[in-house]
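This report covers strand pairing, the nonpolar core and a surface patch. The sequence and structure come first.

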Amino acid sequence: MNDTIAAISTAQGVGAISIVRVSGPEAIEKVSSIFSNAKLANAGSHTIHYGNIIENNEIIDEVLVSIMLAPKTFTKEDIIEINCHGGISTTNRVLELVLSNGARLAEPGE
C-alpha cells in the first residue's frame, strides 16, 4: 500500500509525552500543513525540529517533530513522529488534525 497512515504510538492515559507517528510517502507534507516550522520539507533525516501544531492560527500544542527519511527507517518509508504533551485530549486533537489533512488512521499492526 502507498497510503500515508497515522496513529498514536504511545499508551494513552497519564504520561508527560505522547507520540503521534505518521508514515508514508506524504508524511512530511501532511505534518508540514499543521506545523509552524516550515523547514520540514528541506530537513535532513534523523533530525528533530521545535515548533507548534496549528489549527486556524490557533496553537494546539508545543511539539518536537522527528524526521526519519526513507530508506533509513524500519519500514523503509518516510516517518514523522510528533512528540506532543501527554494526555488524551491533546494527543487525539493532534491525530485528528493529521487525519483531516489526508492521512488515514493506521489499522492494527500497521
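## Contacts of I53

The model is predicted. In it, I53 touches I34, F35, E58, I59, I60, D61, V63, I82, V94 and L97, leaving aside residues up to four places away in sequence.

## Nonpolar core

I53 also belongs to the largest nonpolar core, which has 23 residues. Those with the most contacts inside this core are V31, I53, V65, I80 and I82. At least two core residues come from each of β2, α1 (27-32), β4 (58-68), β5 and α2 (88-100). In soluble globular proteins, nonpolar side chains tend to be buried together.

## Strand β2 and its partners

Strand β2 spans residues 17-23, and five of its seven residues are buried, which leaves the strand mostly covered. Strand β1 (residues 5-8) pairs with β2 in the antiparallel sense over four bridges. Within this pairing, A7 has R21 in β2 as its bridge partner.

Strand β5 (residues 79-85) is also antiparallel to β2, and seven bridges join the two. Here S18 stands opposite C84 of β5.

## Surface patch

Which residues form a nonpolar patch on the surface? The patch consists of I48, Y50 and L64, and their accessible area together is about 330 Å². I48 lies in strand β3, residues 47-55.

Why does I48 count as exposed? Its relative accessible area is 60%, and the term applies over 50%, so I48 is exposed.

Key:
Residues are numbered from 1 along each chain as its sequence is written. This is a predicted model: local features need pLDDT of at least 70, side-chain atom pairs count only at pLDDT 80 or more; totals for chains, interfaces and linings use all residues. Side-chain values use heavy atoms; hydrogens and water are left out. Patches are made of residues with over 30% relative accessible area and no salt bridge: like charges are joined within 9 Å, nonpolar side chains (Val, Leu, Ile, Met, Phe, Trp, Tyr) within 5 Å. Accessible areas come from the Shrake-Rupley method with a 1.4 Å probe; for residues, only the protein chains shown count as cover. A salt bridge is a side-chain nitrogen of Lys or Arg within 4 Å of a carboxyl oxygen of Asp or Glu. Buried means under 20% relative accessible area, exposed over 50%, partly exposed in between (1.4 Å probe, protein chains only). Two strands pair if DSSP finds at least two bridges between them. A nonpolar core is a set of buried Ala, Val, Leu, Ile, Met, Phe, Trp, Tyr and Cys residues joined through side-chain atoms within 4.5 Å. Contact means heavy atoms within 4.5 Å.
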